[in-house]
Amino acid sequence: PVLVVDFGAQYAQLIARRVREAGVYSEIVPHTASAAEIAERDPVAVILSGGPSSVYEPGAPALDEGVFDLGVPTLGICYGFQVMARALGGEVANTGLREYGATDASIVHDESVLFDGQPVAQNVWMSHGDQVSRAPDGFDVLARTGATPVAAFGSDSRRLYGVQWHPEVKHSDFGQRVLENFLHRAAGLPADWNSGNVIAEQVERIRGQIGTGRVICGLSGGVDSAVAAALVHKAVGDQLVCIFVDHGLLRKGEREQVENDFVASTGVRLVTVDARERFLTALAGVSDPEQKRKIIGREFIRVFEQAEADLIAEAAEEGEPIRFLVQGTLYPDVVESGGGSGAANIKSHHNVGGLPEDLQFELVEPLRTLFKDEVRAIGRELGLPEVIVGRQPFPGPGLGIRIVGEVTGERLDILRDADAIARAELTAAGLDSEIWQCPVVLLADVRSVGVQGDGRTYGHPIVLRPVSSEDAMTADWTRLPYDVLARISNRITNEVREVNRVVLDVTSKPPGTIEWE
Ligand code: XMP
């Protein structure tokens, strides 16, 4: 792989994604990895990410300088550029001059392969205080800006390069070209990593892991579990059984999407558990959000494990124990939990069905190396329905935490109808890609006076909560066009009898969370 060394800012994941977009597989390593550990992973190239700090700060993240002696093509970006400059004998100065945001850069040495085929004047995105004041001996200065005399340096013979700006962000006009020149030209790497290859590779790996064993997978209706299941099914066919729990807190049509569309497109064996009554009973009289979450989580595990136990018993009768469990873990979770390769891959299951308490499954995690957009691409390549592959994030407790107040069957029906209208109109307006998600919330304990026809109404408000976000950690409310809002409002108040008001949530996160509960 191309190894992206993470200096602790959010840039490493973005760089890894851009490298993959250039058709080259990449992984992230912490900057604390030694040169020997990095060499052990057989990197075809190394990219040093940006970081939050100055190389002069006490405790600034350091790098084993032996990395520069591995003979591996290396590109330093921003903080990584300065780390590289220092390690190779150049100078980094704290001039007090800062550059932040869009900046004009001039390429001053356009014979370098890094800038081959690009204009000499480029708009680049900067974010730095310190600057490289002298390039290391034997390196050419490749670019400068008004405030930075050495904005890029490199050596084609040693295949070591650095840029002060961030080529991985879209605001750097030729950023992706810089990365591609580094990968394809300087490092000589072909662009041959794509969804088709990932599928082939994962299918091989899954077959190797599972052999003739039996495996189960829980489906949520979301993209991750669906793609994970589809991959495993492609690898081992009917050795896989999927479990889908209908807890009654799903949105309109979601059960049908799984039972009909997903099954039709994959041929997966599916067991649906209809637990709607059970969840409603458990939630009766409860309006505290955290208590709702706890109840839903607890009931979900009980129902799922009962279904699991039934399948295990059935399989055991046929002399084929189930030993594997599929999980849709994604690469960002792996990186964030500090796990590189294969940490903690045994999960013990506490079972309620009279089975041994320490019954263990070996986990199958075919999405462990992938980012969300890559999972979607693979789902499409596998022919999964767009309603599942393109689905926006939806919380596990479902509509249960979008009814402010007690959850009842009638309230769920009201919310489902309003939510379906909002979703349909947003999709029809082509806004799905601009919105991270749009919770629709029923204020079930609030009533307000309205008028409809000649009559006074006393109905509930519905809140629209459209947000834009990269990762749900922070979010801003999406500025939806007024005509779209008007259509949603008209349709909901006309078509959903109990709702007489539609309001828009215009709070960012922080201070508001995305969900209301
Ligand atoms: P908040 O409301 O914390 O939401 O800003 C951030 C993201 O997490 C989702 N979310 C949940 N997902 N179980 C889940 O599986 C939960 O209890 C839960 N609460 C919030 C939310 O939809 C958003 O994407």
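Visitor: How many residues of domain 1 are in contact with residues of domain 2?

Guide: In this model, 4 residues of domain 1 are in contact with 4 residues of domain 2. Two residues are in contact if their C-beta atoms, placed from the backbone, lie within 7 Å. The model is a predicted one: local features need pLDDT of at least 70, side-chain atom pairs count only at pLDDT 80 or more, and totals for chains, interfaces and linings use all residues. Residues are numbered from 1 along each chain as its sequence is written.

Visitor: Which element gives the largest share of the side of domain 1 that touches domain 2?

Guide: Helix α1 (residues 11-21) does, with 3 residues. Helices here are DSSP runs of H or I with at least four residues, strands are runs of E with at least two, and both are numbered from the N terminus. By class, that side of domain 1 has 1 nonpolar, 1 polar and 2 charged residues. Ala, Val, Leu, Ile, Met, Phe, Trp, Tyr, Cys and Pro count as nonpolar, Asp, Glu, Lys and Arg as charged, and the others, Gly among them, as polar.

Visitor: How do I read a pair of packed helices, and at what angle do α5 and α6 pack?

Guide: Two packed helices are described by the angle between their axes and the distance between the axes. Axes are lines fitted to C-alpha atoms, for helices over the stretch in contact, and angles run from 0 to 180 degrees between N-to-C directions. For α5 and α6 the angle is about 65 degrees, and the axes are 8 Å apart. That makes α5 roughly perpendicular to α6. Angles under 35 degrees count as roughly parallel, over 145 as roughly antiparallel, 65 to 115 as roughly perpendicular and the rest as oblique.

Visitor: Is the crossing of α5 past α6 left-handed or right-handed?

Guide: α5 passes α6 in a right-handed crossing. A crossing is right-handed if the near helix is turned clockwise from the far one by less than a right angle, and left-handed if anticlockwise. On the α5 side the contact includes I199, V203 and I206, and on the α6 side L231 and V232 are among the residues. This contact has 8 nonpolar, 1 polar and 2 charged residues.

Visitor: At what angle does helix α6 pack with α11?

Guide: Helix α6 (residues 223-236) and α11 meet at about 50 degrees, with axes 10 Å apart, and are therefore oblique to each other. This crossing is left-handed. Among the contact residues are V223 and V227 of α6, with V375 and I378 of α11.

Visitor: At what angle do the axes of helix α5 and helix α11 cross?

Guide: The axes of helix α5 (residues 195-210) and helix α11 (residues 372-381) cross at roughly 80 degrees and come within 9 Å. The two are therefore roughly perpendicular to each other. S195, G196, V198 and I199 of α5 meet A377, I378 and E381 of α11.

Visitor: Which residues are around the ligand?

Guide: Among them are R293, P393, Q437, K509 and E515. A residue is near a molecule if its C-beta atom, placed from the backbone, lies within 6 Å of it. The shell has 5 nonpolar, 3 polar and 3 charged residues.

Visitor: Is the peptide bond from K509 to P510 cis or trans?

Guide: That bond is cis, with omega near -15 degrees. The bond from P510 to P511 is also cis, with omega near 5 degrees. P510 lies in the segment after β24 (499-504).
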